[in-house]
Amino acid sequence: MPLVLRQRSIGPITLLELSERLTIEYVPELRDTLQDLAVQGHRFFLLDCSQVSVIDSQGIGGLVRNWVSIKSQHGKLKLLTPSARLREVMQIVGLQKVIESFDDIEPALHGF
């Protein structure tokens, strides 16, 4: 199963719906997808993480690397409805203070 299940645009924002595993084997797919979209001119990304139930250190590292890369290109990457597991891991490593996350799409969209 691919990591990115669906992609759609909401104005200038690209919403990517992720599958349940954000692990080492899927980090390259996320990186490549985001890089390809950035090359096409996309700068604002919202990752729907509601289905993410398995995440490892490489998945967290990949999330951070992509966040940094997009930010360095004057873009933004935010999370939408992170699963309980993703929230727990982000809190443990202190990422909830760095990568913005939202439980509702409306505030997430207005934050760009």
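The model is predicted.

Salt bridges

- Glu25 and Arg21 join their side chains in a salt bridge, at 3.5 Å from N to O. Glu25 is partly exposed, with a relative accessible area of 44%, and Arg21 is also partly exposed, at 32%.
- Lys78 and Glu100 form a salt bridge through their side chains, at 3.4 Å from N to O. This pair links distant parts of the chain, with Lys78 in strand E6 and Glu100 in the loop between H3 and strand E7 (101-102), 22 residues apart.
- Lys78 is buried, with a relative accessible area of 1%, while Glu100 is partly exposed at 41%.
- A salt bridge also connects the side chains of Arg85 and Glu88, at 2.9 Å from N to O. The two residues lie three apart in helix H3, so about one helical turn separates them.
- Arg85 has a relative accessibility of 36% and counts as partly exposed; Glu88 is partly exposed as well, at 41%.

Helix H2

- Helix H2 covers residues 57-72, and its 16 residues should span 22 Å at 1.5 Å a residue; the end C-alpha atoms are 22 Å apart, which agrees.
- At the start of H2, a side-chain oxygen of Asp56 comes to within 3.2 Å of the backbone nitrogen of Gln58.
- Buried residues of H2 include Gly59, Leu63, Trp67 and Ile70.
- The buried residues of H2 pack against several elements, among them helix H1 (27-39), strand E4 (44-48) and helix H3 (84-93).
- His74 follows H2 and has a positive phi, near 65°.

Technical notes. Residues numbered from 1 in each chain as written. Predicted model: local features only at pLDDT ≥ 70, side-chain atom pairs only at ≥ 80, totals over all residues. Heavy atoms only, no water. Helix = DSSP H or I, 4+ residues; strand = E, 2+ residues; numbered from the N terminus. Expected span 1.5 Å × (residues − 1). Buried < 20%, exposed > 50% of the residue type's maximum accessible area, 1.4 Å probe, protein only. Contact = heavy atoms within 4.5 Å. Polar contact = N/O pair within 3.5 Å; in protein donor to acceptor, adjacent residues only side chain to side chain. Salt bridge = Lys/Arg side-chain N within 4 Å of Asp/Glu carboxyl O.
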